[in-house]
Amino acid sequence: MEDAPENARESGSSGPGSAEPAGSARGPEEWPPEESEGSTRPLEAAPKKLCGYLSKFGGKGPIRGWKSRWFFYDERKCHLYYSRTAQDANPLGSIDLSGAIFDCKADAEEGTFEIKTPSRVVTLKAATKQVMLYWLQQLQMKRWEFHNSPPAPEATLAGNGPALHLELGQEEAELEEFLCPVKTPTGLVGTAAALQPVPAMPLALQNISLKHLGTEIQNTMHNIRSNKQAQGTGRGPPGEESPQIGEPQREEQPSAPDASTPVREPADSPKSAPKSSLTTNLIQKAKRQNNTFPLFSEGLTRNRTAQEKVVALEQQVLMLTKELKSQKDDMEAYRTQNRFLNSEIHQVTKIWRKVAEKEKALLMKCAYLQARNCQVESKYLAGLRRLQEAVGDEAGECAELLRQLTQEALQWEASEAAEGVEVSSISEYDEYGFLRVPDYEVEDLKLLAKIQALEVRSHHLLSLEAVERPLRERWAALAELAPSAELKQLLRAGVPHEHRPRVWRWLVHRRTQHLHTPGCYQELLGRSQASKHPAARQIELDLNRTFPNNKHFTCPTSSFPDKLRRVLLAFSWQNPTIGYCQGLNRLAAIALLVLDEEESAFWCLVAIVETIMPPDYYSKTLMASQVDQRVLQDLCSEKLPRLMAHLGQHRVDLSLITFNWFLVVFADSLISDILFRVWDAFLYEGTKVVFRYALAIFKYNEEEILRLQDGLEIYQYLRLFTKTICNSRKLMNIAFNDMNPFSMKQLRQLRTAHRERLESELRELERLKAEYLERRASRGRAAPDGCASEDEAEGEA
């Protein structure tokens, strides 16, 4: 640690020539000469190879212990290969460093460190602490170089080298903040280490790998052939004259592990002899003092001479000095360990962020590719549909071919496109149980439904990474719900599926807390069971007509129809003035699909009917509903003048289409992905949201409607066109941005004015009706001569 740091480029990445394991195990005479120590090399120069001898702990039974191995790094695979000697042709194994972390313990045997991979832990030991730190720093930089390198081979062409070296230089500078770069240990690492004889082990058998016996035999035969060739040319392999010299510095004999000690490390990790910690040293020091100087522990007795006292004090000073030095060494070891672990945490965090960024980029790329696939398939199906309309039912090969292609297109699924390739196919039902592709009997409508499903999938994939994921993160970070501008914007953007039940319960509670009493719902259920409500028959009829394209209401074993029946019966007793109105079944069903609980769905229905919608919206006269249709006409004339002029020219009455939109808040009109986003904002802001989205729907399809030049064709298009809207983000932007200004004050003024006109018209209608009944009563109903009344005819029969 005390050595001056060498040039940062000295410990750079290994060159391409050292990537192959067999090439790395060649004889040292084939390697380039080592660079001079401390020299400054240019950025373009070939970096040093990372290789050298280390002791690896392994084996089983009596041969379990340390084994000398030659290690060399493959930069293309980010693997650390090892063999018995540097001259072996085949490696014994490798360690994947791409997902590994490195660790060194201050209380372990000197030079010992660990490489922890997801599958195993490898324990290694270097000759000295300096060699250990050198290996650890180099492995850290190799790992970062691998994760920071361009993924594609073409990205490593000329021109990218300096940038990579610059990145590595920045990495070395960051590591220097934690642990100064270690000077390259001369002769112990790199190609120069291969010139040294193989480190001798206590037992020759102990250094042989029985697990890779076949590889050992191959390497032995390879070395024998190499030696014969060398003898034929008058040269011998390096190091053959004295296999006992050149042992690694400070080689230690392996100590057998204590069987009585509890095993806390992996099976392939050694039980190293730990150094004494600071606390343990202090205890042992006190014991040694008592044992070595018994007289001194009892105090300086009066019968001792002054010379003996001086000798005892000097011995204690020597002992304390030695102990202090040991403690300083321990402290320095812990400091080194702490600095290295800090650098390791820093690097692993950077790698994790880098991998997360790459994963995010790949997911986004995959989403765009899948979206593109959906768009291409959608265009293909749209082309088939147009050809069908053009050909019609004409007989011939063309019509038969079209029918065959259409059938294949409807049966094809993306998941069947390639076996083993994970592709997000279009599931049959969405998360709320709505059928994504309706089962139409007419072939052209089947194609239309599949086209719509593909377009929905395409828009969802395109917005997943760019919009949906950040939106989910914002909702996850929102701990408490409270009215605010931020919450308003989040609700307009849509609540994620996993957060929607919690958010809706909060929204409903805000609107019904003044009406809510404990046990109210159970009491209403008791009343519905005790006596039959007049609306019970109509409720029973509408149950089977509720969302026929939702599996929760069509499956015979589903509990949702029973829940819906109880919710509607309870509401009929909660609000006797309304009782039941057609449309309430769909409002309650939407609430059940999100909230699941009957009582929560009941209060959601109460919130809509009694607090959000104006009074008389669901009464027998539907007064407020009729008023809103007139308000919508005024708003369309103001914000969509071209469309309204076109509809007026063809005498199209929008209220025939839009009346149901308002009555059930688009429950029958929009696809579920958009429908629930509309309800998110509707439960918070009120009926203004319904007007905004009604205008946005017409704006979204304005150009298509303007191209239609027949009133009947326009009505047919308006009956189905809402289901063709797939881009929820575009519709939301139109509703809340393009339709501004749109104030609640303006809405209230329009409602008041149209209510007065409608009430005046109704009064006039009642007056005319009364006059007619009065004239009829005064004249009577005299039957013409010769005509028998119904009573007389029945009597004659």
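In this predicted model, helix α20 (residues 655-664) and helix α22 (residues 688-700) approach until their axes are within 11 Å, crossing at roughly 145°. The crossing of α20 past α22 is right-handed. On the α20 side, the contact is built from Thr658, Trp661 and Phe662, while α22 brings Val690, Phe691, Ala694, Ile697 and Phe698. Seven of these contact residues are nonpolar, one is polar and none is charged.

Phe662 and Phe691 form an edge-to-face aromatic pair, with 4.9 Å centre to centre and 70° between the planes. Because Phe662 belongs to helix α20 and Phe691 to helix α22, the pair ties together parts that are 29 residues apart in sequence. Phe662 has a relative accessibility of 2% and therefore counts as buried; Phe691, with a relative accessible area of 0%, is buried too.

Turning to aromatic pairs in general, the structure holds 22 of them. One of these joins Trp504 and Trp679, which are stacked at 5.8 Å centre to centre with 20° between the planes. Trp504 lies in helix α11 (residues 500-512) and Trp679 in helix α21 (residues 672-685), so that this pair links distant parts of the chain, 175 residues apart. Both Trp504 and Trp679 are buried. They also belong to a cluster linked by ring pairs, whose members are Tyr432, Phe434, Trp504, Phe547, Phe553, Phe560, Phe676, Trp679 and Phe682.

Charged side chains meet rings as well. The charged end of Lys563 sits over the ring of Phe560, 5.2 Å from its centre, and Phe560 is itself a member of the cluster. Elsewhere, Lys730 lies over the face of Tyr700, 4.6 Å from the ring centre.

Notes: Residues are numbered from 1 along each chain as its sequence is written. This is a predicted model: local features need pLDDT of at least 70, side-chain atom pairs count only at pLDDT 80 or more; totals for chains, interfaces and linings use all residues. Side-chain values use heavy atoms; hydrogens and water are left out. Axes are lines fitted to C-alpha atoms, for helices over the stretch in contact, and angles run from 0 to 180 degrees between N-to-C directions. Helices (H or I, at least four residues) and strands (E, at least two) are DSSP runs, numbered from the N terminus. A crossing is left-handed if the near helix is turned anticlockwise from the far one by less than a right angle, and right-handed if clockwise. Contact means heavy atoms within 4.5 Å. Ala, Val, Leu, Ile, Met, Phe, Trp, Tyr, Cys and Pro count as nonpolar, Asp, Glu, Lys and Arg as charged, and the others, Gly among them, as polar. Rings of Phe, Tyr and Trp (its six-membered ring) pair if their centres lie within 6.5 Å; planes under 30 degrees apart count as stacked, over 60 as edge-to-face and the rest as tilted. Buried means under 20% relative accessible area, exposed over 50%, partly exposed in between (1.4 Å probe, protein chains only). A charge sits over a ring if NZ of Lys or CZ of Arg is within 6 Å of the ring centre and within 35 degrees of the ring normal.
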